[in-house]
Amino acid sequence: MSNGINKNDELWRRFAIAAPYLWLLVFFLAPFAIILKISLADPILAQPPYSSSFDGDGRPAMSLSNYFFLLSDKLYSITYLRSVAMASVTTTLCLMLGFPMAYGIARAKPATRSLLLLLIVLPFWISFLLRVYAWMGLMNNHGVINNLFIWLGVIDQPLQIMYTDFATAVGLVYSYLPFMILPLYASLERMDLDLVDAAQDLGATRTRAFWDITWPLAKPGTIAGCLLVFIPAMGEYVIPYLLGGPDSLFIGRVLFDEFYSNRDWPLASAVAIILLLLLVVPIVLLQRTQAKDGEQAA
Amino acid sequence: MKHFIRINGISKRFGDFTAVDNVDLDIEQGELFSILGGSGCGKTTLLRMLAGFEMPSSGMIEIDGVDVTHQAPYNRPVNMMFQSYAVFPHMNVAKNVAYGLRKEGIRRAEIDKRVDEMLELVQLSELKDRKPDQLSGGQRQRVALARALIKRPKVLLLDEPLAALDKKLRERTQIELMNIQDELGITFVVVTHDQEEAMTLSDRIAVMDKGQFQQIGTPKEIYEFPYNRFVANFIGSINTFESVVTVVDDDDVKAYSNEAGETLIALGKQLVDVGQQIGIAIRPEKIFVDKEKPADFDGVCIEGVVDDLGYLGNRSLYRIKLASGKVVQVSSQNRRRSVTRFLEWEDKVWISWKSRSAVVLLD
């Protein structure tokens, strides 16, 4: 009897472990393999719009020509760099804004704390697109901000805020700030406040105690928050399109245009693969530092 | 003589709640002083005011002749050992201990030397490269102690230093703490809720309740001559007889107690008037219990029956019910080895004590 239960448990355990792997296999690894395959093909006017991986004689017909093209064309390198820069600026701003906010929430009274957390999560109840449109309404030439400044007499001509990198940055920071705050809050909230008192007791000023104790102990939250902001900000399509204008060069936009406007699936796939590589490198580096910290702690 | 630590009319209010209420206290140099009380009595708030984490609402704190009332914690000649130990989890043992010296900007070589000495003192030299989560509770406690002592503070504050340790380790650590205090001559102020810990550790104890000191004295004074019911009941157990004063002599008080059905005598340390309602209190171990009425006994003898008894190995506890219904606790040493019980339930017995053993409790 007990043996039967054990067998059942064992089955369940295996299933529970297998489930996420299965998920990754079906929804990440398999599509990734398909994209990789397409990126090695040539575009053709057909359905599907790319050449087969094997020629008529069954020999492999794959080439890296799309990658060479991407690397040789300055436009793409600039676009990648601009995306990295914009994602970095967004991540930095989110960290600078998010850290004090997460700190304040973690140190608030428990009742206030849950209210503040609710306020952080509240925007998610409204569609993401609607919120980005709302920013358009705010930043338009005849939008709320310009009207207010004109009314106040600060300016007499409307400022061009919309369709600038500034507008894109505002939209990105606004949209991704909660993803920075929540993991930071989680790591700050479980920190023992005696540690900061102890540092001050041992001769550290408040500022010193923050950099010696709070900041290093919040590192896991900071890393998680930065990844959660940086990765989606890198590939973001909607915000640069709506707020940055149709001409703004970001990798998400290029990807979309290659797929849908140019119908150059192989090149678009190559763009996607390089984007993935760009994201994987910093993640692996960060995870290695985290693993090293964990090793020291263990 | 000037006192080393002077706490003068210190109060701390949090909104409507008064945590510490106009407290005065003097502590001498090199003393091991305990503040003893239940949770919420204000002892930790008082300690945090000494450390500088809380600013008093009113009053003054002076340490070694310097007014530190409004000094920031990092400027005070005081270090604290936290109840949670607050060992920095991201630094190894040596770095934890060195932290305070690094903030002082002392030379590297000097820091290393002093860290080694301090780790030697708390017997952690072998573990200097370990991270806190690789240490046992007792080892973490010693890291916290070393980290606080390395700054050579004038006063070391200890918040429930032994509460998180198991019983065996607690006893050993207690002795270690006393030895270290002896060796370094630093003034220790300990906050604890554990009366046994306070009794064994301290030169003097302040018993605290509702933000005020109920009594300040040596462990012996506090145990043998408690001022009031709170102190008497907080430290050990005690039997209190409600009584009315009948005679006040030069050095003793006679009072009639309905509960005892007798006139009781106690050494009168406090001023009482005839007719006043007082408590006459006697510790369980100062009461004798016999099957026969003791002859020619100079003291109080009362008859009762054994209501309950318990065997604790080294001693036995009896609960004796008197004619009035009052139950008296008696503790007696098991001096002789015996398998059979000296007393059984419902046995008729006589309890007796010497008049000198009883004390007067006013309120």
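This is a predicted model: local features need pLDDT of at least 70, side-chain atom pairs count only at pLDDT 80 or more; totals for chains, interfaces and linings use all residues.
1. Helices α5(A) and α7(A) cross each other in a right-handed way. To find them, look at residues 128-139 for α5 of chain A and residues 165-189 for α7 of chain A. Their axes come within 11 Å, and the crossing angle is roughly 140°. Why is this pair called oblique? Angles over 145 degrees would count as roughly antiparallel, and with the crossing at roughly 140°, α5(A) is therefore oblique to α7(A).

2. Now, which residues make that contact? From α5(A) you have A:Phe128, A:Val132, A:Trp135 and A:Met139. From α7(A) come A:Ala167, A:Val170, A:Gly171, A:Tyr174 and A:Ser175. Sorted by class, the contact of α5(A) with α7(A) has seven nonpolar and two polar residues, and no charged ones.

3. Over to chain B, where five strands make an open sheet. Reading across, the order is β15-β19-β16-β17-β18, with antiparallel pairing. β15 and β18 (327-333) of chain B are the edge strands: each has a single partner strand, so one side of each has no neighbour in the sheet. Neighbouring strands here are turned by 45° against each other on average, if you ignore direction.

4. Let's walk through the pairings. Strand β15 (residues 288-290) of chain B runs antiparallel to β19(B), and three bridges join them. On the other pairing of β19(B), strand β16 (residues 299-311) of chain B is linked to β19(B) by seven bridges, again antiparallel. Have a look at B:Ser352 in β19(B): B:Phe288 has B:Ser352 as its bridge partner, and B:Cys301 stands opposite B:Ser352 too. Further along the sheet, β16(B) and strand β17 (residues 315-322) of chain B are antiparallel and share seven bridges. There, B:Leu309 has B:Tyr318 of β17(B) as its bridge partner.

5. Stay with β19(B), residues 348-354, for a moment: which residues are on the covered face, and which on the uncovered one? B:Val349, B:Ile351 and B:Trp353 make up the covered face. The uncovered face has B:Lys348, B:Trp350, B:Ser352 and B:Lys354.

6. Finally, how do the two chains meet? The contact takes 17 residues from chain A and 19 residues from chain B. On the side of chain B that touches chain A, β6 (78-81) and α2 (93-104) of chain B each supply at least two residues. The largest share of that side, four residues, comes from α2(B). By class, the side of chain B that touches chain A has nine nonpolar, six charged and four polar residues.

Methods:
Residues are numbered from 1 along each chain as its sequence is written. Chains are lettered from A and ligands numbered from 1 in the order in which they are written. Two residues are in contact if their C-beta atoms, placed from the backbone, lie within 7 Å. Ala, Val, Leu, Ile, Met, Phe, Trp, Tyr, Cys and Pro count as nonpolar, Asp, Glu, Lys and Arg as charged, and the others, Gly among them, as polar. A residue is buried if 20 or more other C-beta atoms lie within 10 Å of its own, exposed if 12 or fewer, and partly exposed in between; C-beta atoms are placed from the backbone. Two strands pair if DSSP finds at least two bridges between them. Axes are lines fitted to C-alpha atoms, for helices over the stretch in contact, and angles run from 0 to 180 degrees between N-to-C directions. Angles under 35 degrees count as roughly parallel, over 145 as roughly antiparallel, 65 to 115 as roughly perpendicular and the rest as oblique. A crossing is left-handed if the near helix is turned anticlockwise from the far one by less than a right angle, and right-handed if clockwise.
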